[in-house]
Amino acid sequence: MAIKTKSLCLLVAMQEEASPLVERLGLTEIVAPFAKGIPMRAWSAAEVEGRITLVSFGADPRFEGVSNIGTQPAVLAAHLAIERFAPDLMINAGTAGGFSSRGAEVGQVFLSADRFGYHDRIVPLPGYDESARGNYRGLDVSRIAADLNLKIGRISTGDSLRTLQTDAEEWERTEPALKEMEAAAIAWIAWTRRVPFFAIKAVADLVDTGDTPTEVQFTENLGAAVAALTEVVPRVITYCLGAVVDDLAL
Ligand code: ADE
């Protein structure tokens, strides 16, 4: 039977990415949504077609203005979101580094291709090698991309903002359009729990051009990338909420 999307959950790492979305979507914060000590925050709104929730990863209490980022909080946030909100569609929204060689430009917004892998988990042991790389299947969102005129790009996940020496070797094989720090981790738990999942990522910096360090580009462009993300996410939500998940692919 065709199941309609009645509970859609956004997962967003940085508060700088989450706050404009909360405002644009008119979401209200849920007080103490998770167990004591869990840093993740949650917001929600009831729409005619169903409920939207947004879970952000919360702050690292040891450092002023620093959000929890990367795969460690990503898995926990996704697990908690599934337990608390039982979403029938989960979307990771955020920013990413882009590969200009695959058409990425700063400020552009991509939807994810249907596989999510890691570039920094190199385990040269039979079986463990491919298990560590992830390569989890996500939702095919080719129809949303076509209808909303968005690009689709393969996402590669790792726990560093900086590019490490071994990354290029992995990328030669996987040919990603984007690199970021959460999507494969969420894809793992989403796949494990059979929750349909995809990602929306706005390009904040370019990985393969120029001499400007990633962190400088990222800091300069974060505002523009978040603005682009905040424009696109509500359009995607309107498209998906109430839609049959199986119909989101061409
Ligand atoms: N988020 C935004 N830009 C990034 C990059 N270059 N690497 C990882 N995560 C990012």
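Arg 137 and Asp 114 meet through their side chains in a salt bridge, 3.3 Å from N to O; by salt bridge I mean a side-chain nitrogen of Lys or Arg within 4 Å of a carboxyl oxygen of Asp or Glu. Arg 137 sits in strand β7 (residues 134-137) and Asp 114 in strand β6 (residues 109-118), so this pair ties together parts 23 residues apart in sequence. Helices (H or I, at least four residues) and strands (E, at least two) are DSSP runs, numbered from the N terminus. Arg 137 is partly exposed at 47% relative accessible area, and Asp 114 is partly exposed at 28%. The cut-offs are under 20% for buried, over 50% for exposed and partly exposed in between, with a 1.4 Å probe and protein chains only.

On sources: this is a predicted model, where local features need pLDDT of at least 70, side-chain atom pairs count only at pLDDT 80 or more, and totals for chains, interfaces and linings use all residues. Residues are numbered from 1 along each chain as its sequence is written, and side-chain values use heavy atoms, with hydrogens and water left out.

How many salt bridges does a search of the whole structure find? It finds 11. One of them joins Glu 231 to Arg 24, with the closest N and O atoms 3.1 Å apart. Glu 231 belongs to helix α7 (residues 214-240) and Arg 24 to helix α1 (residues 15-25), so the bridge links parts 207 residues apart in sequence.

Glu 215 also pairs with Arg 162, at 2.7 Å from N to O. Finally, salt bridges with shared partners join Glu 130, Arg 133, Glu 170 and Arg 173 into one network.
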